[in-house]
Amino acid sequence: MGRSYDQFCPAARALDVIGGRWTLLIVRELLLGPRRYTDLVAGLPGIGPNVLAERLRELGEAGILSRSRLPPPAASAVYELTGLGEAMRPVVDELTRWGLRFLGAPRPGERFQLGWLLGCVRAGFRPELARGLHETYEFRVDGDVFHLRVDDGTLDVRHGSAAEAACVVSTDLATFMAVGARLLTVEDALERRIAQLEGGLDAVGRAVTILGAHLEATNGRYGIIGAVGAGFRPEAARGIRETYEFRVGDFLFHARVDDGTVEMGQGPAPGPGPAAALITDLATLLQLGAGTLALEDAFADGSATPEGDPGAGLRMATAFGVVLGR
């Protein structure tokens, strides 16, 4: 598989097999279940079709994945990990856990997909709190569906709906991340109608407990910075070069917009100060991001306060997809 390190060493031999560019990320995708070729293309933005085809061929020859066809009516060809490939799970989980130390705030131009966050969910699992528990939890986040199956201290995370689930939670990305980071309780999210629940509230509580506050590895609150950054709309920020500030309770972060790109960071806006600032609480910020609260309504009831140039404030709201009025 490509060039070899030519070393009689298990680590070197493993890197001969999975050390190529994109190879480990293909394994990451398949750890969430069988995937069609088009699913892999969507989950690996930036990979060329020739590279993907070559990596799939190499992984197949190494016995790490296999190709099969789903039964009718789907009848689609899918790729899935073999037993040898599944043995990579603890390696990828530990790499994810270690990589959280370097995650920080999103960099300009970085893409984000919910599926990539699921590795963090798995890496944050606390098996000692799940002994004797046999339950499945389903989450529907901004149209993406996945489920987590807990079986006596083990966890399996998969794309798609569950056959039987103790609870089904529907919400947006910002709320999902805030609950996972312990910045927002499930009860508050339900009360504010930024999450919906089918099933038992006690089951959701168990899910949050055993998965742990996995975003704490990056100071938890970075989850909110990432969630706000994920809502950025490049097409609405062409030609704009301004810095905005968000003050959420005692937490402060900023966004520097530069002609359709954004750079998010913790702390006050650098330089002479922000063109506009939004002062609010976490629940209101989540509702604004989810589109369940209009900006003018938040200003009217006092749950949000603007500062700076009003025109810049409108550009800030538009760039991050906030509903201005109804």
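**Salt bridges, a cavity and a pocket**

Start with Glu-242 and Arg-315: their side chains meet in a salt bridge, N to O, at 2.6 Å. A salt bridge here is a side-chain nitrogen of Lys or Arg within 4 Å of a carboxyl oxygen of Asp or Glu. This pair links distant parts of the chain. Glu-242 sits in strand S8, Arg-315 sits in helix H14, and 73 residues separate them. Helices (H or I, at least four residues) and strands (E, at least two) are DSSP runs, numbered from the N terminus.

The model is predicted, with residues numbered from 1 along each chain as its sequence is written, and side-chain values use heavy atoms, leaving out hydrogens and water. Local features need pLDDT of at least 70 and side-chain atom pairs count only at pLDDT 80 or more, while totals for chains, interfaces and linings use all residues.

How covered are the two partners? Glu-242 is buried, at 15% relative accessibility. Arg-315 is partly exposed, with a relative accessible area of 31%. Buried means under 20% relative accessible area, exposed means over 50%, and partly exposed lies in between (1.4 Å probe, protein chains only).

Stay on strand S8 (residues 241–248) for another link. Asp-258 belongs to strand S9 (residues 251–258), and the partners are 17 residues apart. Asp-258 is partly exposed at 40% relative accessibility. Arg-241, at 57%, is exposed.

Now find Arg-247 and Glu-245. They form a salt bridge too, and their closest N and O atoms are 2.9 Å apart. Arg-247 is partly exposed at 24% relative accessibility, whereas Glu-245 is buried at 6%.

Some bridges join into a group. Glu-86, Arg-89, Arg-149, Asp-156 and Arg-158 are linked in a network of salt bridges. How many salt bridges does the structure hold? The count is 20.

On a 1 Å grid over the protein atoms alone, a cavity is a set of points where a 1.4 Å probe fits but cannot get out, and a pocket is an open set with protein on both sides within 12 Å along at least five of seven lines; lining residues have an atom within 4 Å of a point.

Which residues lie nearest the centre of the largest cavity? They are Phe-139, Phe-176, Val-179, Gly-180 and Val-208, out of a lining of 22 residues.

Then turn to the second largest pocket. Its lining has 33 residues. Leu-288, Gly-289, Phe-320, Gly-321 and Val-322 lie nearest its centre. Helices H8, H11 (222–230), H12 (282–290), H13 (295–300) and H14 (310–319) each supply at least two lining residues. So do strands S11 (276–280) and S12 (304–308).

Is H8 mostly covered or mostly open? It is mostly covered, with eight of its eight residues buried. Those residues are Leu-173, Ala-174, Thr-175, Phe-176, Met-177, Ala-178, Val-179 and Gly-180. Among them, Phe-176, Val-179 and Gly-180 are also listed nearest the centre of the largest cavity.

Finish at Phe-102. It lies in the loop between helix H6 (89–99) and helix H7 (114–123). Phe-102 is exposed, with a relative accessible area of 54%.
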